[in-house]
Amino acid sequence: GHCFTDICCSPFLLIAMLSPLRNSSTRTALSALISERQLSPVPFSLDNYDNAYEYGYNFALRKLIFDMGILAVTDLFLLPLLLPLFLTRYRYVAIVNDLNTSSIWGFKEFFLVSSQTLLLFSDI
């Protein structure tokens, strides 16, 4: 069970860590989740096999890895719109704070990026 979950999460971790847009947020979230887990570990008891089996296995960490990998893949759809903004830096400044603080890119972020891209092309 756990080995299969780790094997399935590995490609998502690789994708998230290779993504220039998700690398820093992934590293920050992972280190926060790991240090939180180290400060308050799950109670361990050899008398209860289920508890011993689950001890030290962090499902929240695997979910975070999966989520960040999915977000990194969806970032690829925004890349054609982000590239002109990033290269010119003219309209990128207007959206960079919103994009960095948002943990999940949805319709709001897509609207921000697409509207700034259209405004950039209208300026030309």
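What percentage of the 124 residues in the protein do buried residues make up? Buried residues account for 30% of them, where buried means under 20% relative accessible area, exposed means over 50% and partly exposed lies in between, with a 1.4 Å probe and protein chains only.

1. Basis of the note. This is a predicted model, in which local features need pLDDT of at least 70 and side-chain atom pairs count only at pLDDT 80 or more, while totals for chains, interfaces and linings use all residues. Residues are numbered from 1 along each chain as its sequence is written, and side-chain values use heavy atoms, with hydrogens and water left out.

2. Overall make-up. The protein has six helices and zero strands, which along the sequence gives the pattern α-α-α-α-α-α; helices (H or I, at least four residues) and strands (E, at least two) are DSSP runs, numbered from the N terminus. The accessible surface of the protein comes to about 8,400 Å², and carbon and sulfur atoms hold 70% of that area, the areas being computed by the Shrake-Rupley method with a 1.4 Å probe and, for residues, with only the protein chains shown counting as cover. Of the contacts in the protein with a separation of 6 or more, 64% involve residues 24 or more positions apart, a contact meaning heavy atoms within 4.5 Å.

3. Helix α4. This helix has 30 residues and reaches 41 Å from its first C-alpha to its last, close to the 44 Å expected at 1.5 Å a residue, where the expected span is 1.5 Å times one less than the number of residues. After α4 comes arginine 89, whose phi is positive, near 65°.

4. Arginine 91. This residue lies in the loop between α4 (59-88) and α5 (92-101), and arginine 91 is buried, with a relative accessible area of 18%. Its side chain makes a polar contact with the side chain of aspartate 123 at 2.8 Å, a polar contact being a pair of N or O atoms within 3.5 Å, of which, within protein, one must be able to donate a hydrogen and the other to accept it, with residues adjacent in sequence counted only if both atoms are side-chain atoms. Not counting residues up to four places away in sequence, arginine 91 touches Leu85, Gln116, Leu119, Leu120 and Asp123.

5. Helix α6. The end C-alpha atoms of helix α6 (residues 107-123) are 24 Å apart, which agrees with the 24 Å that its 17 residues should span at 1.5 Å a residue. The buried residues in α6 include Leu112, Val113, Gln116, Thr117 and Leu120. Threonine 117 has a relative accessibility of 4% and counts as buried; leaving aside neighbours within four places in sequence, threonine 117 is in contact with Leu81 and Leu85.

6. Aromatic pairs. The count comes to two aromatic pairs, under the rule that rings of Phe, Tyr and Trp (its six-membered ring) pair if their centres lie within 6.5 Å, with planes under 30 degrees apart counted as stacked, over 60 as edge-to-face and the rest as tilted. Phenylalanine 12 and phenylalanine 66 form an edge-to-face pair, at 4.7 Å centre to centre and with 65° between the planes. Because phenylalanine 12 lies in helix α1 (residues 2-18) and phenylalanine 66 in helix α4, this pair ties together parts that are 54 residues apart in sequence. Phenylalanine 66 is partly exposed, with a relative accessible area of 38%. The rings of phenylalanine 86 and tyrosine 92 have centres 5.4 Å apart and planes at 85°, so that pair is edge-to-face; phenylalanine 86 counts as partly exposed at 38% relative accessibility, whereas tyrosine 92 counts as buried at 12%.

7. Leucine 13, in helix α1, counts as partly exposed at 29% relative accessibility, and its contacts beyond four places in sequence are with Leu30 and Ile65. Leucine 13 and isoleucine 65 are 52 residues apart in sequence, yet 5.5 Å apart in space, C-alpha to C-alpha. Serine 35, in helix α2 (residues 23-39), counts as partly exposed at 33% relative accessibility, and its side chain reaches the backbone oxygen of serine 31 at 2.7 Å and that of alanine 32 at 3.2 Å.
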